[in-house]
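Biologist: I am new to reading protein models. Could you walk me through this one, step by step?

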Amino acid sequence: MLHGRVPAADNSSGLSSVALAGGVALWLVTVDNVTFWRTFAAAQTPSLSAAAATIAVGLVLWFAATTVLWCFAPFRLAKPISAILLLTSALAAHFVDSWGVLLDKHMMRNVVQTDLREAGDLMSGSLLLDFLVRGVLPAGIVLILRVRPVRPREWFTQGTILFSITGLSLSAALAAFYPLYASTFRNHRELRLQLVPSNYLGGLYSVLRSQRKTDLERVGTDAKRIESRPRPLLVVLVVGETARADNFSLGGYPRPTNEALAGKSLVYFSQVTSCGTDTATSLPCMFSDVGAERFSADTAGQRENLLDVLQRAGVEVSWIENNSGCKEVCKRVPTSTVQDKAWGTDNECFDEALVPALVEKISSSSQDALVVMHQRGSHGPAYYKRYPAPARFTPTCDSNRLQECDGQALINTYDNTIDYTSRVLARTIDQLAEQPSGRDVLLIYVSDHGESLGERGVYLHGMPRWMAPHEQFHVPMLMWMSPGAQQTLAPEVTCLQTLATQPAAHDNLFHTLLGAFGVQTGVYRSELDLLAAARGLRACEAPAMTDPTPHKRPALL
């Protein structure tokens, strides 16, 4: 029998860690950043200098990404991390390229808080194909490649070289083209939110960092009722979803999208600005006392809100949910979710299911109460799922691939969601009008944010507030009162109608509801109470606002 030594594995064969990092980085910088490069190129006046500046930016990004990926080489993490990064970046790139989405911490908070139903609305054949080509294919290649292990001394030497190259290339690019870069990135601040993968990684880090638990900050601890009202007050607050004011006929839109509300004696507020352009920001902000300019979604969960203050003052508060959750706003009040299959499908209920749930809720109470109804509303991109057949406006866009739909069909479909919301509100008002005369009733409807329907190539919502188009933050708001409530809350109805034409905001909601229930607390501000002037508590003038000219902010898109 022959005896021999088993040969050791050949550590000299395979791809180097630097080559792997460089290849993955090159793919990320080029293939996954189509929108970034399109925006950067469009910002330049064609010239040799602009071309050289663009190439220099590309080299700096490539060297920087290579250096970061190379750092994981000695820990046997280079391949799995590269594969994960390729998969997640492919998804991010698809939404940036196809939807015009900007991935900041607010958008990543929406991603973290979304549910399977919302995620399902975004699925499409083009998303799957894009994910396979830009994600699965390169990730699979990376995982099957053989990569040589790197020795400590070799790793240190390579690191020194890579960091030096990155630093020198950055210095050279800034020295040669600083004026061009300064102008481009100052005038196109969206570029940093289009750059994959730094955009979503930075946003995700900010979200996770903000979720560190702290003690709950109490608000309005001195809250108490100071007014003795002749009758108990029921306030029904309907929180709309993704409804933009531009498509409300109550505000001048030529198509009769609010026809169901005709003759309902409403007061429509035509110039209302939302706190943010996404639910995760706007929903907690509209119940907060701090105002849009000071509000931070990072800390909202650790601070009490309007519902807590009203409960403390003795108001019965409850929340009825037909959306993807209340973003922690309702976590300290009784909450129920509609599940009436008579008003929907196996996957979701239409918003009409909220009405019988409301009737059941208010029939068991006769004291001062606030009931919040959180609608599914006009949530996209599958607008066609938000209303029952038949559609009023046709033809419709029965797809979540909005870019592939005819522009008018897309508008028809969205308008159908507004028309259906109007019918739900009309039915709600009819039910409230049947309440016993011994109880005053106030209904307020306001949307959390607006929506883009392809204007300037932008769809959906969630753009940063500083650059969002007005379609995403100009929202509808209306009020309806029973005769008794009008006599108590707004006897000067002409004043209220005048104020309804003036600028208002989500900031006003907190103080308006405190005032309606007669709650006295140090955090209440009468100048922000939309009904205070109609009650004769201040001059009949426009309510105060944090941002006095919200619709005049320059939109960068």
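Modeller: Accessible areas come from the Shrake-Rupley method with a 1.4 Å probe, and for residues only the protein chains shown count as cover. This is a predicted model, where local features need pLDDT of at least 70 and side-chain atom pairs count only at pLDDT 80 or more, while totals for chains, interfaces and linings use all residues. Residues are numbered from 1 along each chain as its sequence is written, and side-chain values use heavy atoms, with hydrogens and water left out.

Biologist: How many helices and strands does the protein have?

Modeller: Helices (H or I, at least four residues) and strands (E, at least two) are DSSP runs, numbered from the N terminus. Here there are 18 helices and 12 strands. The C-alpha atoms fill a box of roughly 100 × 65 × 55 Å, taken along the principal axes.

Biologist: What share of the residues in the protein is buried?

Modeller: Buried means under 20% relative accessible area, exposed means over 50%, and partly exposed lies in between (1.4 Å probe, protein chains only). Of the 557 residues in the protein, 52% are buried.

Biologist: Which residues are buried in helix 1, and what do they pack against?

Modeller: Contact means heavy atoms within 4.5 Å. The buried residues of helix 1 include Leu 20, Val 24 and Leu 28. Its buried residues pack against helix 2 (34-42), helix 3 (48-70), helix 4 (78-99), helix 7 and helix 8 (152-187).

Biologist: Which residues form a nonpolar patch on the surface?

Modeller: Patches are made of residues with over 30% relative accessible area and no salt bridge; like charges are joined within 9 Å, and nonpolar side chains (Val, Leu, Ile, Met, Phe, Trp, Tyr) within 5 Å. In this model, Leu 128, Leu 129, Leu 132, Val 133 and Val 136 form such a patch, with about 420 Å² of accessible area together. Leu 129 sits in helix 7 (residues 125-144) and counts as exposed because its relative accessibility is 52%.

Biologist: Is Thr 242 buried or exposed?

Modeller: Thr 242 is buried, because its relative accessible area is 0%. You will find Thr 242 in the loop between strand 2 (233-240) and strand 3 (267-273). Not counting residues up to four places away in sequence, Thr 242 touches several residues, among them Ser 378, Tyr 414 and His 461.

Biologist: Now for charges. How many salt bridges does the structure hold?

Modeller: Side chains of opposite charge can pair when their charged atoms come close. A salt bridge is a side-chain nitrogen of Lys or Arg within 4 Å of a carboxyl oxygen of Asp or Glu. The structure holds 21 salt bridges. In one of them, Glu 217 pairs with Arg 303, and the closest N and O atoms are 2.6 Å apart. This pair links distant parts of the chain, 86 residues apart.

Biologist: Which residue meets Glu 259 in a salt bridge?

Modeller: Arg 392 does, at 2.7 Å from N to O. These two are 133 residues apart: Arg 392 is in the loop between strand 6 (369-374) and helix 15 (407-433), and Glu 259 in the loop between strand 2 and strand 3. Arg 392 is partly exposed, at 35% relative accessibility, and Glu 259 is partly exposed at 47%.
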